[in-house]
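Here is a short tour to read beside your viewer. Have the sequence and the 3D view open, and we will go topic by topic.

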Amino acid sequence: MGYIRTDRDFHEARWDEPIIMELGNPGERGVMIPLASEHIIECVGSGESLVPQGLLRKKMPALPEMSQMQVLRHYMRLSQETIGTDINIDIGLGTCTMKYSPKINEQMVRSPKLTELHPYQDERTLQGILEIMYRDQEYLKAISGMDCVSLQPSGGSQAIFANVQTIRAYHEANGEGEQRNEIITTILSHPANPGTAATLGYKLITLYPDKDGLPDLEALKASVSEHTAALMITNPEDTGIYNDRIRQFVDTVHEAGGLCVYDQANLNGVFGITRARDAGFDMCHYNLHKSFSSPHGCQGPAAGAQCVSDKLRRFTAVPTVEFDGEKYYFDYDHPDSIGKLRKFYGVPAVLVRAYAYIRSLGPDGMKQIAELSILNNNYMLKKLLTISGLSMPMAEGRFRMEQARLSWEQLTEDTGVTTDDICRRIVDYGFQDYFASHHPRVIPEPFTPEPVETYSKDDIDEFVEAFRSIAKEAYENPELVKSAPHKAALASQIDESGLTDWDKFATTWRAYKKMNPDCAAE
Amino acid sequence: MGVTGKDKAFVHPYMPNSVPEIKQQMLDELGAGSIDEIYKSLIPDDLLYKERLDLPEPIVNEYELKRHVMGILNRNITAEDYVSFLGAGCYRHQVPAICDELNMRGEFLTAYCGDTYSDHGKMQAIFEYTSMMGELLDADIVSYTTYDAGQSVSSAFRIALRAQAAKGHDNRRILIPSTMNPEIRSQALAYCRNAGEIITVASDPQTGLMSLQDLEEKLKDGGAAAVFYENPSYLGFFETQAEQIAALAHRYQALCIAQPEAASLGIVESPLNLGADLVCGDIQPLGMHMQFGGGQAGFIACNQDLGLAEQFPTYMYGITKTGQDGRYGWGRAMNYRCSHGSRENANEYFGTETGLWGITAGIYLASMGPQGMYELGETILQKTSYAIRRLSEIKNITVNLFGRSNFQEFVINFDQTGKTVKEINQELLACRIFGGKDISQDFPQYGQSALYCISELTTEEEIENLRTALTAITERRQ
């Protein structure tokens, strides 16, 4: 009974597929389109005659010429050389919330009733999708405690960007736009926080953790001033340590006249347990592709939600969706809005999946997500910390929320095997590689797992045993780990200089061929 | 005790450890009495949310969930149910079945940020996408996908500003055409507000083309970091002065940025071969359904110009050699440029963008090949031209307001009908037709005008139906 197996003889598919640019034969076709009829061609002539002089393409693009089955086969093989969440115990990619993406939701978003909608259609023809967006907004208000939600952001980072735009709009409305030019964040907050703030011209102040692993409150007190525009912080941070002084952080910044923005990419551990508004935050954002179950799609499409309190409603990204008792409609009536973030209306497929997900779980199910991800995490940590060479720095002896940042520092000291070596070796066991840390590595030789609620106890046990086995290898035969991977699709290590040397920088096959004229013959 | 006596604890299909016995084993391992006990030891009591979340009760079986959700979605009327002439940045094209089939593969669909060794196939698929885009655009450097064309244009502006500053050419002005996509224009204004100044160049009132005289005056007066144009323009006509615009920009030390239409490039020249330094745009036409605007994804590309490349804010998937001859690997190259690599010191912010659509566009391009892309461009040109010809027979409307050659879109002016676009579109809707995008708010100078879109999927019959409907509507008095 159960699922656990610690003696898998895993071997990833290894197809050695050539680069697609080298496949096919002249004349082959993969797909045909509906051409103009003879009648139309008689009326208007050739396509080339309709291209203005000077704009006609001189040379056909050197795209592959392949038949359909051969295109399909090539990509099926590449898919087999990719370790998606559907085929592995994807606990390693911490901070990413790699939960199960329900297939029923996928079926629904693939319906033509969504895929064939144009964003500029008359609102009367869009009542279904608008109702779903409206309901999503209402549910996110309940989950965050905030008063107004905009579903316009294309992803979590664009939602953070919207929040920074809102900070600027708020202070400008108060006549303090120029004066309040500093944003405070923490080194363990997601890089999109400093990234978006700097994109909009803010000066950054970064707080570092104190001995308890929490951002330093005294440093915050010393940092706030009449220049403070906002605090952008997450809780728990990537360490999984809950900041129990968060209200003091919020109060300190509010007293200085700044706004407080909660990065809730980490929502999975706090659903129904604690809410952004109740801790005094003015704004927060959600990554709807993470905690709300959308598949991560090789890095997107994602979607974000901007959630704000009443006093910031007038600045929100437009449009929101409202209901007048009879029909749903786009509302642009946020008088000092930061405007539209992008063309059209966010990423609707992710919004439909989020809706279906919330409806399939209900209020108790949503809270159970948080409870089980906390239970899973602490259970996993207890087991992981029995592995030689692995430790969990900071706030020793305390439980963590839904994820944790561990350290292989001792193992590296003992054996010379680093976290990057282990990250390659774990692929040999049939697991996705793991997330070490965001830049910079505050914790040495980091490892950040996140065992979300969809993993079973057996899954966690198997995950832990794989790392125990690698640690054993490190102590007994370190070369085996250092020279990994051995069973992955790629059987040897890459020449890193190809990624770090501008002289070798090639993002297309044509660029690479120009630098390495003999490569096709290799 | 029979089967009916089984414990009725609620065990959700997505949460294996909600089985009470398993949960208990895990708690025992931790020496904790309950899960509450764990988080209550971490979170101060006054921050705990003590109510039940105000959400509807769950629909736990798939059948009823699907009935419920589809019951709502079925209230939508789609471009498949009716006939659509909407475009304006989101286009209905044929989506080959293998695009849908492959982007539904669980391996691609559910992978995320795994790297060189775990996701070798994904990395190759993304590199192949950029390689094929490189052929389509005649570009050596192609970015990882961005959110959409709006993000690509906005970032291209900032790339130009930084690249110019790095060369010591510290001019913060970006010159744009007055006919630019208004949504992208507003996005770029907000995105560049603290970095540059976006200035509109006049267009010729008759032809819509950028006024070269005004462009030169603006370049002479205050210079610019870059000049931007769209080809075809948002209003559908070709910008036939592409080479002159680039030459003028260069004469005044400005870069030239262009936004081509991906679906046109099998037959229309890449702006990079007409003097542009940077190209940017959207790949939604290459295998993505419209999805109510959710199928968008952007690209930025240029020649092997490292001065520009080092200013790109996105991931770049680089190819590199491995320990085995003739075998390649991939990784994120020169990552210090990205906020993931250097936080606030990065070029711009960066997050989860649209990787699955990049892979899908690669599948599309490989399926279409050079001949397919040529035919796509050719067919759209022909059908657009035919539609303009047929609709021009309708009295009292001006079809193709600018009288130019167009790709896929053209403006119809309704001023002489005495009706607004809104009124006309309402009447068209009653004929099961989505009329063109109303541009009377964004471009009041063109009166009551709408932007009509034709694709390779548009049939002669649909064009006839539109002609019949518009004839009746414009002849009918209010």
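In this predicted model, 179 residues of chain B are in contact with 178 residues of chain A (C-beta atoms, placed from the backbone, within 7 Å). Local features need pLDDT of at least 70 and side-chain atom pairs count only at pLDDT 80 or more, while totals for chains, interfaces and linings use all residues. Residues are numbered from 1 along each chain as its sequence is written, with chains lettered from A and ligands numbered from 1 in the order in which they are written.

**Interface**
- On the side of chain B that touches chain A, helix α13 (residues 355-391) of chain B gives the most, with 26 residues; helices are DSSP runs of H or I, at least four residues, and strands are runs of E, at least two, numbered from the N terminus.

**Sheet**
- Chain B has an open sheet of seven strands with mixed pairing, in the order β2-β8-β7-β6-β5-β3-β4; two strands pair if DSSP finds at least two bridges between them.
- β2 (141-142) and β4 (197-201) of chain B stand at the edges with a single partner strand each, so one side of each is left without a neighbour in the sheet.
- Strands β5 (residues 226-231) and β6 (residues 255-260) of chain B run parallel and are joined by six bridges.
- B:E230 stands opposite B:Q259 in β6(B).

**Domains**
- Chain B is assigned domain 1 (3-47), domain 2 (83-90 + 370-475) and domain 3 (97-365), with bounds from an automatic or database domain assignment.
- Between the C-alpha centres of domain 1 and domain 3 of chain B lie 49 Å.

Terms used. Two residues are in contact if their C-beta atoms, placed from the backbone, lie within 7 Å.
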